[in-house]
Number of protein chains: 2
Amino acid sequence: MQQQIKLIKRPSGTPTKEDFEFAEVPIGEPAEGEVLIRTNYISVDPYLRGRMNNVKSYVPPFELDSVITSAVIGQVIESKSAHFEKNDVVTGALGWQEYTVVDQSGIRKIDTNLAPASAYLSVLGMTGLTAYFGLLDIADPKEGETVVVSGAAGAVGSVVGQIAKIKGAYVVGIAGSNEKIEYLKNELGFDDAINYKTVDIKTALANACPNGIDVYYENVGGEIGDAVLPLLNKFARIPVCGAISSYNNQEADIGLRVQGYLIKSSALMKGFTVGDYASRFKEGSEALAGWLQAGKIQYEETITEGFDQTIDAFLDLFQGANLGKAVVKVSDIE
Amino acid sequence: MQQQIKLIKRPSGTPTKEDFEFAEVPIGEPAEGEVLIRTNYISVDPYLRGRMNNVKSYVPPFELDSVITSAVIGQVIESKSAHFEKNDVVTGALGWQEYTVVDQSGIRKIDTNLAPASAYLSVLGMTGLTAYFGLLDIADPKEGETVVVSGAAGAVGSVVGQIAKIKGAYVVGIAGSNEKIEYLKNELGFDDAINYKTVDIKTALANACPNGIDVYYENVGGEIGDAVLPLLNKFARIPVCGAISSYNNQEADIGLRVQGYLIKSSALMKGFTVGDYASRFKEGSEALAGWLQAGKIQYEETITEGFDQTIDAFLDLFQGANLGKAVVKVSDIE
């Protein structure tokens, strides 16, 4: 038998432990074309909150009383597929459980010589690709332009800022603790960083961006997104990746209307999800792997140990506790 | 001597007559390379309200105690330019006054055989080009898509809807009187039209757009703009041309934040002003003239007679009184 985690209630506002349940279920046997995987790492991500609501969105909602799924790294312990061998390390969108039987089409091998396995949940995985396509396809920052990124110490924001630096931009990060600010400036080479919890964000942004804002990579929304609008330069671009400040709102998200600001600066806002770029994942993965190997991109992980800590690790995301990618380590790779 | 109209106070909220003054000034004499023009038509436009504030925007603010300028049609009555002859009909950004002395570089001739002179202030002028580039460059509607336009009976919106019909879209207009609704459906061939003053706009929009909204051409902002957001289809496009509902606001324009909606539908919003497309005006003018001659585009004007009515005609814009382009006729073309 093994443990798995189910969604048993749709969260009202901020999720709580009562919305989830651990269940004991059989491990299962692979049929022809399937493999049995032991879970090594589970990715916990803010976007999963959206799937817990029963509303139409870019991914269908989670079913109640079913296992939650997200990006997972695991190791093949039994293979009935010609494409996978025992001990292969693989990734796929899999359940929050200790073992998974999956069809060979639902996983792909990863190269743990290039980077540790967990990197395939962050900089070489979904969050790295999200940073890459949002910034380069939508905003295309030019040398000397000012790029502001919110959620800058998170898994997406930290890569956004580093790619913007590679492209020669002046990069300002917004994050929520002094530890994160120091990390952005001293470790990742951001030109400036703002702790929005300790300053007036409007004043601090204006001071940090004396030449205005050409690109704002939006991860958080809310008052931070509002504060950017008056500072936009002509032809500014805003890739809209996330709005974590509103994910647990129970009422409409009310703030500055954008129309007047977009007209004044002929600015663009474009929402996206990484799936929009599925046909270009190879391009993005190769670029990110190249920068990683060249030492031009660093990444950080907040690794929580133990399958029984998975729910806590997810809930912590909404407290801003994580630096870089939040990952749960379930078992060692052998 | 002649009359001119100056801005003497920056309006606080909705402009009033007290913000303007008629002054008597000399007519002036053209020097070498200049012409003297008698004003025939003056364009009054919502965007002029923005120039009455003392804030940085895409065009500099009007100076206090100076003559107001906008697009004007006039006839040359004395020429010291090799490029213009007496009786040529010309257009340019000129003052609100009965006569103007202007350098030859500030005006261009118009062809009154192709269309009446006043059309060069609307469908063949700035508002037609605004419709053309915002719709076709930013939104590029495809056959069968649903295009919604607000301010649909205005000078821009009415052309937007007709171009969208030419492109094979299903077109829904939003306007503020039953007369306008009848005009859109019966005269301009819109598929549907909503009088936002007599219905619940959210319900009415959902009913009028059973397949969702692919393109929303934004002219008004406010609650109408908010009502569109939940209906956006995947990869929807929103050219943001105007937000007349907020032009007279004295406080921040507060409403639905857009981030969550843009992410859910991978939608794009893009602010613009027609000047962004200056290098392509010839393309736009030729396309509009072609459709006009082929009878594929109709246009309407609300012509107010008499220079002394110019201020009233401008103030009426914010009451939604005009159908099509608002123009003041100052004198006959001879």
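Modeller: Angles of 65 to 115 degrees between two axes count as roughly perpendicular. Keep in mind that this is a predicted model. In chain B, the axes of helix H2 (residues 126–139) and helix H8 (residues 281–293) come within 10 Å and cross at roughly 105 degrees. H2(B) and H8(B) are therefore roughly perpendicular to each other.

Biologist: Which residues of H2(B) and H8(B) make the contact?

Modeller: H2(B) contributes B:Gly128, B:Leu129, B:Tyr132, B:Phe133 and B:Leu136. From H8(B) come several residues, including B:Phe281, B:Leu288 and B:Trp291. The residues of this contact divide into eight nonpolar, three polar and one charged.

Biologist: In what order do the strands of the open sheet in chain A lie?

Modeller: Three strands form that sheet in the order S2-S1-S4, and the pairing is antiparallel. Strand S2 (20–25) and strand S4 (66–67) of chain A are the edge strands, each pairing on one side only. Strand S1 (residues 2–7) of chain A pairs with S2(A) over six bridges. A:Gln3 stands opposite A:Glu24 in S2(A).

Biologist: How many residues of chain A are in contact with chain B?

Modeller: There are 35 residues of chain A in contact with 35 residues of chain B. The two chains bury about 3,000 Å² between them, 57% of it on carbon and sulfur atoms. On the chain A side, A:Arg257, A:Gln259 and A:Ile263 lose the most area to chain B, together 26% of what that side buries.

Biologist: How many salt bridges are there between chain A and chain B?

Modeller: The count is six. A:Arg257 forms a salt bridge with B:Asp253, with the closest N and O atoms 2.8 Å apart.

Terms used. Residues numbered from 1 in each chain as written. Chains lettered and ligands numbered in written order. Predicted model: local features only at pLDDT ≥ 70, side-chain atom pairs only at ≥ 80, totals over all residues. Heavy atoms only, no water. Axes fitted to C-alpha atoms, helices over the stretch in contact; angles between N-to-C directions. Helix = DSSP H or I, 4+ residues; strand = E, 2+ residues; numbered from the N terminus. Parallel < 35°, antiparallel > 145°, perpendicular 65-115°, else oblique. Contact = heavy atoms within 4.5 Å. Nonpolar A, V, L, I, M, F, W, Y, C, P; charged D, E, K, R; others polar. Pairing = 2+ DSSP bridges. Buried area = accessible area lost by both parts, 1.4 Å probe. Salt bridge = Lys/Arg side-chain N within 4 Å of Asp/Glu carboxyl O.
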